[in-house]
Amino acid sequence: VVDDGDSRHPASVARRVRSHDFGAAAANRAPGGAGPDRAWVLRIAPAMLALPLVSGLIVGNVGDVLAFALALALFYGGMVLVEQGLAREADYRARQLAKAPKAPRKLLGALAVAAGAFVCSYGASSDGLILALVYGALAGLGCVLAYGLDPSRDKGLEPELARRAGVRTDQVIEAITEAEAKLGEIEQAAASLHNRELTDRLARIVAKARAVLAQIEQDPSDLRRARRFLVTYLDGTRDVVKKYTQQQQDLADTELAANFRHVLETVEQVFAEQEEVLKRNETMDLEVQIEVLRTQLEREGVA
Amino acid sequence: VGMSPRMRTGLGVALLLLVLAIITLRAWFT
């Protein structure tokens, strides 16, 4: 019995730590970030085809040139698909809950690469059909080995957790996707702000909101309350920021600009407290905070 | 299949490079 407890405890701690890491990864995820999502071989290697393409142009061999161009286009398309697939996969891995990507992008990318190799071999050299097919198959196989296949299984809530929380996995995913779309809009609007302080503040707000989302992914028991809160605050922030960016030339150093800053200060402060509030399970606090933002938006006249 | 992900990736990359090099060279010299 003691053994059992001893072995179970570290495991559960490890699981919690690991899932926390995933949450943090989700929170730090930047859209379109560089890194492991690049398929470098597919980006660079097909450039080799440029040499015979040029020599084909010099010699004036139209068939070869067309074949090389088509093959290059297919390799390029395959590279784009594989990179999209890698990005989806990274996203999928970073989440606690996720649906498997709908289109198997990495597989489609591998097929495009295989087709590229086939076209190049069959169209531009005197390779027979069989040999061209072999090259195509090998290129596709290499692509699958190098970049793997797409995730195919949905990652859902543990049944026990879902039952206790009284929510379905897709409800959580829907709420989080919705909130993330809004965060994306906020980030986009923030990028066009000319004020460093405000940009930084918005970046902090977005990071904190992502941390809250990661927390909801882990324990969706307060999804309903949290969702109402997120909708109010994210909508509020988004609308205010958008409005401000549209007129920031005229607004600088005016009272309205100061009001805008006040609203963002409130939002940042509330998000900072949010983690605690969600943990405490106190509905009142959330309702109060929702009211606070509403009145402030009205009073400051920024929404 | 009984291969570490790293090895699989390396093998895949090598295979891709090899095939691309072969078809390029064959196309060039024919």
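The model is a predicted one, in which local features need pLDDT of at least 70 and side-chain atom pairs count only at pLDDT 80 or more, while totals for chains, interfaces and linings use all residues. Residues are numbered from 1 along each chain as its sequence is written, chains are lettered from A and ligands numbered from 1 in the order in which they are written, and side-chain values use heavy atoms, with hydrogens and water left out.

Of the 30 residues in chain B, 27% are buried, a term that stands for under 20% relative accessible area, with exposed meaning over 50% and partly exposed in between (1.4 Å probe, protein chains only). Chain B has an accessible surface of about 2,000 Å², and carbon and sulfur atoms account for 74% of that surface; such areas come from the Shrake-Rupley method with a 1.4 Å probe, and for residues only the protein chains shown count as cover.

Chain A contains 13 helices and 0 strands, and its elements, read from the N terminus, run α-α-α-α-α-α-α-α-α-α-α-α-α. Among the 303 residues of chain A, 44% are buried, and the chain exposes about 16,000 Å², of which 58% is supplied by carbon and sulfur atoms. Of the contacts in chain A with a separation of 6 or more (a contact meaning heavy atoms within 4.5 Å), 78% are between residues 24 or more positions apart.

The two chains meet where helix 5 (residues 105-124) of chain A packs against helix 1 (residues 5-28) of chain B, at an angle of about 20° and with the axes 9 Å apart. Here axes are lines fitted to C-alpha atoms, for helices over the stretch in contact, and angles run from 0 to 180 degrees between N-to-C directions. Helix 5 of chain A is therefore roughly parallel to helix 1 of chain B, given that angles under 35 degrees count as roughly parallel, over 145 as roughly antiparallel, 65 to 115 as roughly perpendicular and the rest as oblique. Helix 5 of chain A contributes Val113(A), Ala117(A), Cys120(A), Ser121(A) and Ala124(A) to the contact, and helix 1 of chain B contributes Leu16(B), Ile23(B) and Ala27(B). By class, this contact has 7 nonpolar, 1 polar and no charged residues, where Ala, Val, Leu, Ile, Met, Phe, Trp, Tyr, Cys and Pro count as nonpolar, Asp, Glu, Lys and Arg as charged, and the others, Gly among them, as polar.

Helix 5 of chain A also packs against helix 6 (residues 129-147) of chain A, at an angle of about 150° and with the axes 7 Å apart. These two helices are therefore roughly antiparallel to each other, and helix 5 of chain A passes helix 6 of chain A in a right-handed crossing. On the side of helix 5 the contact includes Val113(A), Ala117(A) and Ser121(A), which meet residues of helix 6 including Gly136(A), Gly140(A) and Cys143(A). The residues of this contact divide into 14 nonpolar, 3 polar and 1 charged.

A further pair within chain A is formed by helix 8 (residues 169-191) and helix 10 (residues 223-246), whose axes come within 9 Å and cross at roughly 20°. Helix 8 of chain A is therefore roughly parallel to helix 10 of chain A, and the crossing is left-handed. The residues that meet include Glu174(A), Glu178(A) and Lys182(A) in helix 8 and Arg227(A), Asp235(A) and Arg238(A) in helix 10. By class, the contact of helix 8 with helix 10 has 12 nonpolar, 3 polar and 8 charged residues.

Individual residues of chain A were also examined. Arg43(A), in helix 2 (residues 40-44) of chain A, is partly exposed, with a relative accessible area of 35%. Apart from residues up to four places away in sequence, Arg43(A) touches Arg38(A), Met79(A) and Glu83(A), and the C-alpha atoms of Arg43(A) and Phe75(A), 32 residues apart along the chain, are separated by 8.5 Å. Gln84(A), in helix 4 (residues 62-94) of chain A, is partly exposed, with a relative accessible area of 35%.

How values were computed
Helix = DSSP H or I, 4+ residues; strand = E, 2+ residues; numbered from the N terminus. Left-handed = near helix turned anticlockwise from the far one by under 90°.
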